[in-house]
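Q: I have a structure open and I want to learn how to read it. Can we go through it feature by feature?

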Amino acid sequence: MDNKEKLSAFYDNELLEDAQGLIKAINDQEQLASDLRGYSLISSIMAQSRISESSKRSFKIFKSSFISHSFAAAAAVLVTLGFVTYFNPAQFDLDKESSKLLADAIASDEGQIRLNQEENLLVDHLFHIMDEKNLTSDMNPGWIPVGFSQNKERPAIFTNGTRRFVLHVENSELSLTKPMYWKNGNNLVYLYPTADGKTITVYGNIRPVDAEKIIFSLKR
Amino acid sequence: MHNSMNQFKDMDAQLIDEVGNGNEAAFNILFSKYNNKLYAALLAFTKSQDLAEDLTQKTFIRVWKKIETFRGESSLFTWIYRIAINLAKNEFSSKQGKNQGITDNIDEDFDLVSSVPSPESHAIESESMQAVMDFITSLPSELKDAISLREFEGKSYEEIAQITGSPVGTVRSRIFRAREEILNFMKEEKIYG
């Protein structure tokens with residue numbers, strides 16, 4: 001294995017020998033140093049390409065969701081999760097009030113959360129649930145908050161007239177290993193992974209402690 | 001996998017030791033190895049090329065100053081990445097008038113700032129990036145698969161060997177050949193070098 005191939009393995013932290021000699025060679029030989037920078041550049045280009053594709057994908061999801069749902073609902077999910085950094089309100093031809101809502105969201109702390117692959121799946125999952133035609137769950141929790149009742153036509157939806165939440169379970173690409181939740185204002189997203197690879201989702205105007213109680217009442 | 005991780009720590013440990021001893025050449029190698037990767041991560045975080053560049057420089061200044069605090073509890077890049085994200089969060093807080101005083105006078109290090117080079121990836125136009133990606137797509141499948149599993153999935157050589165059913169040595173060679181091909185293309189197209 002010559003120094004150039006060693007350099008590639010070194011770059012990947014996979015060099016199976018003492019790197020000291022190679023480090024000295026990099027210092028002494030500009031070509032090796034240049035190649036190392038080149039490898040780093042290739043990584044960067046490939047990473048940025050992936051990020052770009054990922055953003056385009058989420059943007060597409062957001063846009064299609066926006067078409068079929070209210071702006072406020074879509075924005076609420078995004079703000080709750082913090083996925084607002086790459087949205088340009090101008091692209092949606094929104095009215096002034098809606099544009100301001102999104103602009104405020106982008107300026108918020110939550111808006112600065114980084115989008116990564118796992119979060120992308122999360123957005124995908126939630127937008128899937130926001131589309132009510134996908135809410136095919138018919139679960140009967142042993143406990144729900146006082147005053148709430150189950151919608152007869154859409155059993156996944158619970159409401160007390162003013163507040164509303166969704167309880168949904170299905171197979172999911174999310175690789176959660178423990179329950180997670182996000183809360184922003186009155187909006188909660190609570191995800192609970194089951195032992196058989198499904199994800200229970202509680203989304204809406206509900207307290208985390210109540211979401212937990214509902215889920216645990218399902219487990220009985 | 002386990003052996004690879006040990007080698008990984010050993011190799012970066014040598015760099016860290018040298019940097020800790022004030023070896024600027026070792027720092028340049030560390031910078032060359034990680035700067036573009038960090039820049040890409042920061043670009044994803046900030047969505048701003050200028051801010052990502054600024055934070056990349058500040059991060060490596062912090063790395064230079066704080067390398068002795070690295071205890072090897074995570075990978076070196078994870079440690080560097082955490083520094084960068086903390087700086088980025090601080091930057092956001094500062095912009096919102098809520099500076100929490102996390103930074104430690106980095107802006108005073110003007111000389112060091114000027115000596116840290118900018119990531120090359122800034123200078124690359126999106127068209128050129130697309131050309132590189134198109135070229136990677138056109139590579140022979142064994143090279144394309146190997147470099148993709150490494151760069152996109154972060155798989156180790158041993159994991160790639162298992163996935164592709166090839167010896168680890170073959171995987172190492174394919175990844176090297178893919179990089180050579182891509183670098184040659186970038187030089188021919190005057191994208192790099």
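Q: Is K190(B) buried or exposed?

A: Keep in mind that this is a predicted model. K190(B) has 8 C-beta neighbours inside 10 Å, so K190(B) counts as exposed.

Q: Where does K190(B) lie?

A: K190(B) sits in the segment after helix 9 of chain B. Look at its backbone too. K190(B) is not a glycine, yet its phi is positive, at about 55 degrees.

Q: Which residue of chain A has a positive phi of about 60 degrees although it is not a glycine?

A: That is N13(A). Find N13(A) in the loop between helix 1 (3-11) and helix 2 (20-28) of chain A. Now count neighbours again. N13(A) has 21 other C-beta atoms within 10 Å, so N13(A) is buried. The cut-off for buried is 20 or more.

Q: How many helices and strands does chain A have?

A: Chain A has 7 helices and 6 strands. Next, read their order along the sequence. The pattern is α-α-α-α-α-α-β-β-β-β-β-β-α. Of the 220 residues in chain A, 34% are buried.

Q: What does the secondary structure of chain B come to?

A: Chain B has 9 helices and 0 strands. Its pattern reads α-α-α-α-α-α-α-α-α. Buried residues account for 36% of the 193 residues in chain B.

Q: What share of contacts joins residues at least 24 apart in chain A?

A: Start with contacts between residues at least 6 apart in sequence. In chain A, 56% of those join residues at least 24 apart. In chain B, the figure is 62%.

Q: Where is I206(A) found, and which residues does it touch?

A: I206(A) is in the loop between strand 6 (198-205) and helix 7 (208-219) of chain A. Setting aside residues up to four places away in sequence, I206(A) touches F165(A), L188(A) and A211(A). There is also a sequence gap to notice: I206(A) and R163(A) are 43 residues apart in sequence, but 7.8 Å apart in space, C-alpha to C-alpha.

Q: Why does I206(A) count as buried?

A: I206(A) is buried because 24 other C-beta atoms lie within 10 Å, and the cut-off is 20 or more.

Q: Where is E18(B), and what is it in contact with?

A: E18(B) is in helix 1 (residues 2-20) of chain B. Beyond its neighbours within four places in sequence, E18(B) is in contact with N23(B) and A26(B). E18(B) is buried, because 20 other C-beta atoms lie within 10 Å.

Q: How many residues does helix 9 of chain B have, and how far does it reach?

A: Compare the span with the expected one. Helix 9 of chain B has 21 residues and reaches 30 Å from its first C-alpha to its last, close to the 30 Å expected.

Q: Which residues of helix 9 of chain B are buried?

A: Here is the general idea. An α-helix has 3.6 residues a turn, so residues three or four places apart point the same way. Now the case here. The buried residues of helix 9 of chain B include V171(B), I175(B), A178(B), I182(B) and M186(B).

Q: At what angle do helix 8 and helix 9 of chain B cross?

A: Look at the two axes. They come within 8 Å and cross at roughly 105 degrees. Helix 8 and helix 9 of chain B are therefore roughly perpendicular to each other. On the helix 8 side, the contact is made by Y157(B), E158(B), I160(B), A161(B) and T164(B). On the helix 9 side, V168(B), V171(B) and R172(B) take part. By class, this contact has 5 nonpolar, 1 polar and 2 charged residues.

Q: Where is confidence lowest and highest in chain B?

A: Where pLDDT is low, the predicted coordinates should not be read in detail. In chain B, confidence is lowest in helix 5 (residues 110-115), at a mean of 44, and highest in helix 9, at 96. Over residues 1-9 of chain B the pLDDT is below 50. The pLDDT also stays under 50 over residues 98-115 of chain B. The mean for chain B is 77, and 76% of its residues reach 70 or more.

Q: What ipTM and pTM does the predictor give the complex?

A: The predictor gives an ipTM of 0.72 and a pTM of 0.54.

Methods:
Residues numbered from 1 in each chain as written. Chains lettered and ligands numbered in written order. Predicted model: local features only at pLDDT ≥ 70, side-chain atom pairs only at ≥ 80, totals over all residues. Helix = DSSP H or I, 4+ residues; strand = E, 2+ residues; numbered from the N terminus. Buried ≥ 20, exposed ≤ 12 C-beta atoms within 10 Å, placed from the backbone. Contact = placed C-beta atoms within 7 Å. Axes fitted to C-alpha atoms, helices over the stretch in contact; angles between N-to-C directions. Parallel < 35°, antiparallel > 145°, perpendicular 65-115°, else oblique. Nonpolar A, V, L, I, M, F, W, Y, C, P; charged D, E, K, R; others polar. Expected span 1.5 Å × (residues − 1). pLDDT = per-residue confidence, 0-100.
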